[in-house]
Amino acid sequence: MYRARRNGENGGRGAGDAALAAGRPLLGADDPPPFEIVNPDGGARFALLCDHASNRVPRALDNLGLAPEDLERHIAWDIGAGAVTRRLAARFDAPAVIAGYSRLVIDCNRRLEDQQSILDVSDGTPVPGNRNLTARDAAARAKACFRPYHQACAAVLAGVEARGGTAPVVIVHSFTPVFEGHRRPWHIGILWHEDGRIARPLLEALRRRRDLCVGDNEPYDGASPHGYTMPAHCARHGRANVQIEVRQDLVADAAGVERWSEVLFDALAGILADPGLYLRRTA
């Protein structure tokens with residue numbers, strides 16, 4: 001059973017309980033949908049996914065008790081990741097699935113039973129609306145936000161594969177330059193586990209530029225037991241895959257998004273032309 005991560009704090013039940021107790025769904029009629037499919041008719045034979053694209057919070061959760069400025073910080077979303085994903089979808093004519101709500105509501109890249117699925121403290125910031133959640137609260141968030149997003153990911157990938165072959169997956173994230181007091185030197189990180197068909201040549205292409213500090217499974221590890229999207233939609237199905245992490249200060253404005261989208265397009269275009277990527281990997 002799910003339990004929110006604790007930090008020794010006391011408090012009332014999570015925001016939105018009144019609506020749930022009354023039997024109303026978490027997302028109201030004026031809330032945006034839990035995902036967006038960008039370029040659904042794109043002709044590319046691969047798809048892009050973006051788990052942490054949004055800092056939105058359902059109206060019933062009252063901003064999780066956070067100040068508006070906290071929801072603009074990295075704790076709420078991967079700054080710039082959604083914009084980069086949209087631009088890459090346009091450049092490659094590829095479909096993309098973008099999550100519609102903040103990872104503080106529920107993290108779409110964490111297993112539901114993971115203690116990091118719904119945090120009551122994120123990078124030292126308490127999240128009042130996530131304290132003392134019940135299993136019912138957590139299940140409502142999963143039903144409203146987590147499951148629809150991943151169902152959309154599965155449907156888009158199945159649609160791409162209906163045209164033939166196995167669809168590679170490019171997952172786009174971003175990371176904060178400083179975390180828990182430690183400065184991160186990488187401009188970009190390439191995350192992967194076991195299947196290096198995209199990651200290895202992508203690392204080589206980016207390092208050939210010589211103006212970038214490129215992390216190989218940095219600042220996170222593609223083998224981390226916490227990640228959900230890569231194993232659920234890629235490894236389990238034998239799909240070639242990579243998770244890209246761009247440092248957030250580099251994609252915090254339109255100029256940065258444009259530059260890094262072009263860097264990634266240039267590096268990935270030749271790689272994604274490899275017919276071997278469209279074969280299912282078997283153990």
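Biologist: Where does helix α4 bend?

Modeller: In this predicted model, α4 bends by about 45 degrees at Ala142; the bend at a residue is the angle between axes fitted to the seven residues ending there and the seven starting there. Helices are DSSP runs of H or I with at least four residues, strands are runs of E with at least two, and both are numbered from the N terminus. Local features need pLDDT of at least 70, side-chain atom pairs count only at pLDDT 80 or more, and totals for chains, interfaces and linings use all residues. Residues are numbered from 1 along each chain as its sequence is written, and side-chain values use heavy atoms, without hydrogens and water.

Biologist: How are α3 and α7 placed relative to each other?

Modeller: Two packed helices are described by the angle between their axes and the distance between the axes. The axes of α3 (residues 81-92) and α7 (residues 254-271) come within 9 Å and cross at roughly 45 degrees. Axes here are lines fitted to C-alpha atoms over the stretch in contact, with angles from 0 to 180 degrees between N-to-C directions. The pair is therefore oblique, given that angles under 35 degrees count as roughly parallel, over 145 as roughly antiparallel, 65 to 115 as roughly perpendicular and the rest as oblique.

Biologist: Which backbone features deserve a look in the loops?

Modeller: Most residues other than glycine have a negative phi, and most peptide bonds are trans. Asp62, in the loop between β2 (47-50) and α2 (68-71), has a positive phi near 50 degrees. A cis peptide bond, with omega about 0 degrees, joins Glu218 and Pro219; Pro219 lies in the loop between β10 (214-216) and α6 (229-233).
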